[in-house]
Structure formats: C-alpha cells, structure tokens
Amino acid sequence: MIYFKLPFDERLLSADEKNTKNAVNFYSYNGLDQISFHGNIVEVNAEKFTHTSITNEELISDSTNSAAETKEEYCNTLQQVIEIIKENNLPKLVYSRRKIFTDFKTINYRESFENLCNSYSNAFRYLFNDGQNTWMGAFSEVLGKFNKTTHEFETMALAGTLPVSEEWSEKEIEEQKPVTTYIQDILNNYSDNVKQSETYDHISGNIKHLRTDFKTHIKAEDLDRIIQDLHPTPAVCGIPKDFCNENIRKYEKFPREFYAGYIKVETEESILYFVNLRCARLYKDSVHVFVGGGITAQSNPEKEWKETELKSEAILKNLVISQNSGNF
C-alpha cells in the first residue's frame, strides 16, 4: 500500500499493482535496500480515502530494542565530529539521530498523513506499508527531475537550516556554498551549459533553507549515472563524500535505513527523484523520527540539538494520537 502527493499537486496518488512496471521506488541511504510499488500511477478518490482505516494497530511491533540518544550523548558525539571536521579541514559533515516516540495508545495514520499533506504543500508527501516496512514523510528537496521529451534535467542545492523568523549567519551561508559547487561540478561532467540560479530562501513549514537551482540538458542514457553521482548529496552526507560516509558509519548510533536515501517516481512525462528527509519509520508501539544537520567547524552542539528537535516537529506535530499519558 502506498499513498503519495507530488509537490504543489493535491491529487492523492497510488500504484494500482496491475502490472510489473515500477511506479515508485524507495532506495536506502547506503543503496543496498530497495522497496518498489508496481503498476500504473492512479488517482485515489479523496472521499473514499477518508473512510480508509490506517492505524498503528495494523503495523508490526518495534523489535529493534533501540534507545534514542540523550541530549548529552548527542552533544558529546557531535563535539568529536566537530574535531574531525577541524582536523581534516572539511567543509561539512552531516550527522543524524533518531528521536523515538512511544507515548501513545493509538495513532490514526490516515489523518496524520492528511495533516502532513496540508502542512507541506510544496513537498513530496507519502505514506507506505509493504507489510514489513511502514514509513511516512514529506520533504521538498529534489535530487533530480528529468523531462522525457525535452531531456531537460533539474536539481537543487539545499543546505542551512533556521527557523523562518531568524536571519542567516555565516555558518549557514558557508555551509551552502560547497554544496552548490559540488552539484555544479557534477553537472559540468554531463553538459556544457548548466544554468544556475541565485541563492534564495526555501520555506518548509516552520523552518527555512538556502536553495540554489540548476537546469541543463542531458542524454537520457546518462540519467542513472548522474543520480548515482549526486547521491548522497552534501546536504545529507558532507564533503568529501567517501570520507564523510566513513565517519557517519563510525559515529552515528543507528543505520539510516531509508532516511536520507531517495525516492524515484516515473510518470508519463517525467522521472522524478526526491531526497527522503523529514521522515519516520512507523511501528505498532513506536515512531522513529530521523533528523540530522550539516555540521561545520563553526557548529555549536547545543544549537544543533535544537535544530534537530525543530526538524522532528515536521512529523510529530502532525500525528493524530491517543496518548497513554502526558504530552510529547
């Protein structure tokens, strides 16, 4: 079962499973796992969907025996990561954590998904359950968009995070610059004419990012290779890619699974790729929210913790729950 909405498109879509064609594919961060939903992409009747029951009661139990990092553990590890960044003169390394929420009796995931859709109209929004894996998310970073007719390819550099009301500091501006350069360099390998926009604010719910857009024309046969070159982007990994990945495996407490991986959606006109951020893995008895941040030599662990707490609200504030006790 999968339900999803494309950015700026309020049609509720699904895959009808009537043929073996891949409609929607989810790729894990490390590229080793893939979940595919087959068939044609079809529109779901919105009225019929409101009578669909999707709750935590239908999901598998959490057997991971995971305990989320405390604030103290996170800040201590992050200080070690900052030292690695300084010692190796890295522009950026992305460090993530899980926030595990268990204080509930039932969660109505259909209504939660509808809340998520209403909160993030500019994002790719999805809810899926393949029997073993249930995930929900909404994020608006485009890894790639390819027009099958014109062969135009689009992507973006997205980095830096602040509450919408705050002003950008040197830390966020410097974090975004190498991301832009990285993507420009990759695209230059495939095209002699890459158009780059000015950097501007990208609003996502209660937070904003710095964004730069790219457009070019490529050969259709180069598409898969470009996506492999772009993923993982500096926005979810860091620079240089291999060194940062090595340290992500070393310092992060959990495997990322499908967090910071990417989603491929093929329509009649386009092939779309979205980065899977602002997402959670859902269980009968817990919700694992994945959150991270771009760390630089100027990063402050306390501030980074607050940033991840803010990002976790993208999922948590939209959950429709019946609680055991207290508030989350």
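Q: In this predicted model, helices are DSSP runs (H or I) of at least four residues and strands are DSSP runs (E) of at least two, both numbered from the N terminus; where, in these terms, is Pro240 found?
A: Pro240 is found in the loop between strand S15 and helix H6, the latter spanning residues 241-251. The peptide bond that joins Ile239 to Pro240 is cis, with omega at about 0°.

Q: What makes the pairing of Arg125 and Glu10 a salt bridge?
A: A side-chain nitrogen of Lys or Arg must lie within 4 Å of a carboxyl oxygen of Asp or Glu, and the N to O distance for Arg125 and Glu10 is 2.9 Å, so the pair qualifies. The two residues are 115 residues apart, with Arg125 in strand S8 (residues 124-129) and Glu10 in the loop between strand S1 (2-5) and strand S2 (13-15). Glu10 also meets the side chain of Lys5 in a salt bridge, at 3.3 Å from N to O.

Q: Why are Arg125 and Glu10 placed in separate classes of accessibility?
A: Buried means under 20% relative accessible area, and partly exposed lies between that and the 50% above which a residue is exposed. Arg125, at 0%, therefore counts as buried, whereas Glu10, at 43%, is partly exposed. Lys5, at 12%, is buried as well.

Q: Why is H2 called oblique to H7?
A: The axes of H2 and H7 come within 9 Å and cross at roughly 120°. Roughly perpendicular covers 65 to 115 degrees and roughly antiparallel begins over 145, so an angle between those ranges makes H2 oblique to H7. The crossing is right-handed, and the contact is made by residues including Lys71, Tyr74 and Leu78 of H2 and Glu302, Trp305 and Thr308 of H7.

Q: Which element gives the most to the largest nonpolar core, and which residues touch the most other members?
A: Of the 70 residues in the largest nonpolar core, Phe4, Phe26, Tyr126 and Phe153 touch the most other members, and H2 gives the most to this core, with 7 residues. Another core, of 27 residues, lies apart from it and has Tyr3, Phe49, Ile107 and Met136 among its members.

Q: What makes Ser112 buried or exposed, and which residues does Ser112 touch?
A: Buried requires a relative accessible area under 20%, and Ser112 is at 0%, so Ser112 counts as buried. Ser112 sits in helix H3 (residues 109-119) and, not counting residues up to four places away in sequence, touches Ile107, Met136, Asn318, Leu319 and Val320.

Q: Why is Asn89 called exposed, while His151 is called partly exposed?
A: Asn89 has a relative accessible area of 69%, which is over 50% and therefore exposed, whereas His151, at 29%, falls between 20% and 50% and is therefore partly exposed. Phi is positive in both of these non-glycine residues, near 55° for Asn89 and near 65° for His151.

How values were computed. Residues are numbered from 1 along each chain as its sequence is written. This is a predicted model: local features need pLDDT of at least 70, side-chain atom pairs count only at pLDDT 80 or more; totals for chains, interfaces and linings use all residues. Side-chain values use heavy atoms; hydrogens and water are left out. Buried means under 20% relative accessible area, exposed over 50%, partly exposed in between (1.4 Å probe, protein chains only). A nonpolar core is a set of buried Ala, Val, Leu, Ile, Met, Phe, Trp, Tyr and Cys residues joined through side-chain atoms within 4.5 Å. Axes are lines fitted to C-alpha atoms, for helices over the stretch in contact, and angles run from 0 to 180 degrees between N-to-C directions. Angles under 35 degrees count as roughly parallel, over 145 as roughly antiparallel, 65 to 115 as roughly perpendicular and the rest as oblique. A crossing is left-handed if the near helix is turned anticlockwise from the far one by less than a right angle, and right-handed if clockwise. Contact means heavy atoms within 4.5 Å.
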